[in-house]
Amino acid sequence: MSAATAMATHSETIQVSGIRCERCVQRLAHALTDHEGLEAANATLMGQVSLSWDDERTSRDDLLAAMAKAGFRELEAV
């Protein structure tokens, strides 16, 4: 496999609003289930969401939009 065909995987941890309980974490997981290009997602009760995705199949903005649709919005860094 050449470098040109290697996957462009990105990882990032973001802070989101709307996570207050374990059920919220499950709701977020459901919102991201089967999202094209998402390789891994993990959320904590503190509102930290770690994401890994294939940049050729989805984007950070697409993932944020999917989370926002379920009521979870990215918090700006302080």
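The reply below goes through the salt bridges one by one.

Modeller: This is a predicted model, and the structure holds 3 salt bridges. I start with Arg60, whose side chain meets that of Glu12 in a salt bridge, at 2.8 Å from N to O. This pair links distant parts of the chain: Arg60 lies in helix H2, residues 60-69, and Glu12 in strand S1, residues 9-17, with the two 48 residues apart. Arg60 is partly exposed, at a relative accessible area of 25%. Glu12 is also partly exposed, at 30%.

Arg60 has a salt bridge with Glu74 as well, where the closest N and O atoms are 2.6 Å apart. Here too the pair links distant parts of the chain, with Glu74 in strand S4 (residues 73-74) and Arg60 in helix H2, 14 residues apart. Glu74 has a relative accessibility of 32% and counts as partly exposed. Through shared partners, the salt bridges join Glu12, Arg60 and Glu74 into one network.

The remaining salt bridge is between the side chains of Arg57 and Glu36, at 3.0 Å from N to O. Arg57 sits in the loop between strand S3 (48-54) and H2, while Glu36 sits in the loop between helix H1 (22-32) and strand S2 (38-43); the two are 21 residues apart, and the pair again links distant parts of the chain. Arg57 counts as partly exposed at 45% relative accessibility; this value is not over 50%, so Arg57 does not count as exposed.

Methods:
Residues numbered from 1 in each chain as written. Predicted model: local features only at pLDDT ≥ 70, side-chain atom pairs only at ≥ 80, totals over all residues. Heavy atoms only, no water. Salt bridge = Lys/Arg side-chain N within 4 Å of Asp/Glu carboxyl O. Helix = DSSP H or I, 4+ residues; strand = E, 2+ residues; numbered from the N terminus. Buried < 20%, exposed > 50% of the residue type's maximum accessible area, 1.4 Å probe, protein only.
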